[in-house]
Amino acid sequence: MATEITMPQLGESVTEGTISKWLVQPGDKVNKYDPLAEVMTDKVNAEVPSSYTGTIKELLVKEDETVEVGVAVCTIEVEGEDSAELTESSTPESTETTDSAPKNEQTDTSQKARYSPAVLKMSAEHGIELSQVKGSGKGGRITRKDLQKIIDNGGQTSAPKAEENPASEAKAVAKAPAVSSAQTQVPTTEKIDIPVSQGDIEIPVSGVRKAIAANMVKSKHEAPHAWTMVEVDVTNLVHFRNSVKGEFKQKEGFNITFLPFFIKATVEALKEFPQLNSMWAGDKIIQKKDINVSIAVATDDALYVPVIKHADEKSIKGIGREVQELATKVRTGKLSGADMQGGTFTVNNTGSFGSVLSTPIINHPQAAILSIESIVKRPVVVESPTGDMIAIRSMVNLCLSLDHRVLDGLVCGRFLARVKEILENMTEKTTSIY
């Protein structure tokens, strides 16, 4: 018998997903749990597995098309034992149980301010103020269906009526700052008429690139970015790492790069300045207990941010091994949703491609991101017993972007000064890799 495969919910607050690539075609035979498609959401990229063994009949959703959770994406001709299980599971009793389930989540608005790339795009194209839209998704999240209703009714005319508690809702509206339609628009998703000349190449925007663009705009739109930088003399660290890298590779089986040393120093400073390990939550700031370091890993056409969980409990060797494993997962397409969840602070290794100065965009909803720039040899004035002198030293810039709603310059300056102090004192005598 034929049945539908629907868009799964790939996260607690995920309400829709984009089919970035189909892995099957009509007529293909698949086994239960075989991957059918690659799906991208605003939280994770994942594969949709088949729930049954059978033959693919029809693909109902095109590549790069976004649909809500629960919407059919393809049909499959089910065979064997799976067909019998499907018949049993579709009895009237199960339908009644689903229909009669209480809908308590309608009063929850904890996810209202989390917008998917598709919602941001639709609101920008039709000038819809998202702050005035009542979401029907989980936690009050706004879905494409909510926006489509507004569009079908002729556009947005006024704020939604207070239904369950007029007094409290009116009070909330009075407190909320006015948001213009220009503020809610997302420039990266707007269609712009640009003259195309002969020889120009038009590159379609992939689903992954759309998600990256929407998340970057969301971060810059919501978080007031500030930026600060220090330069660090890592001459001792360079000598230390170079002296152990050969023996380390032979013993452990992988290269020890400079990044684990920088992450270790950052984690030690975060222990002393936990304010930077925080997140903005609207009416409060949440200071996280666990230190989970997000690291930016780039491929040729996308950027992923896997997470080193409990980085404060790991040695330099442990951090180095996890950096290598996560980077390998990214580049082989094996990164899972769990690998990218739970980050509390981001370290961005821009020095790996020669950058010496950058202003990174904060990884929303984290409060700060630190870029490690390229280590370069420069003439530097140093103190000596006989007075100042010029010496060739290995120098690196550390660039910190911060959410000024959560953090101020004083604590960030002290944090960077502590990272600098730790790095400049990393030697074979003072620092253990294990």
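Thr 18 lies in strand β2, which covers residues 16–22. Strands (E, at least two residues) and helices (H or I, at least four) are DSSP runs, numbered from the N terminus. This is a predicted model, in which local features need pLDDT of at least 70 and side-chain atom pairs count only at pLDDT 80 or more, while totals for chains, interfaces and linings use all residues. Residues are numbered from 1 along each chain as its sequence is written, and side-chain values use heavy atoms, with hydrogens and water left out.

Is Thr 18 buried or exposed? Thr 18 is buried, because its relative accessible area is 8%; buried means under 20%, exposed over 50%, and partly exposed in between, with a 1.4 Å probe and protein chains only. Leaving aside residues up to four places away in sequence, Thr 18 touches Met 7, Glu 38, Val 39, Met 40, Asp 64, Glu 65 and Thr 66, where contact means heavy atoms within 4.5 Å. The side chains of Thr 18 and Thr 66 are also joined by a polar contact of 2.6 Å. Such a contact is a pair of N or O atoms within 3.5 Å; within protein, one must be able to donate a hydrogen and the other to accept it, and residues adjacent in sequence count only if both atoms are side-chain atoms.

Next comes a sheet. Four strands, in the order β1-β8-β6-β3, form an open sheet with antiparallel pairing; two strands pair if DSSP finds at least two bridges between them. Its edge strands, β1 (2–6) and β3 (29–30), each pair on one side only. β3 pairs with β6 (residues 54–59) over two bridges, in the antiparallel sense. Val 30 stands opposite Gly 54 in β6.

The helix α10 comprises the 16 residues 316–331. At 1.5 Å a residue, α10 should span 22 Å, and its end C-alpha atoms are 23 Å apart, which agrees; the expected span is 1.5 Å times one less than the number of residues. In α10, the buried residues include Ile 316, Ile 319, Val 323 and Leu 326. Seen down the axis, the buried residues of α10 fall within an arc of 165°, so they line one face of the helix; the arc is that of the directions from the helix axis to the C-beta atoms. Among the elements covering these buried residues are α9 (259–272) and β12 (293–295). Just after α10, Gly 333 takes a positive phi of about 70°.
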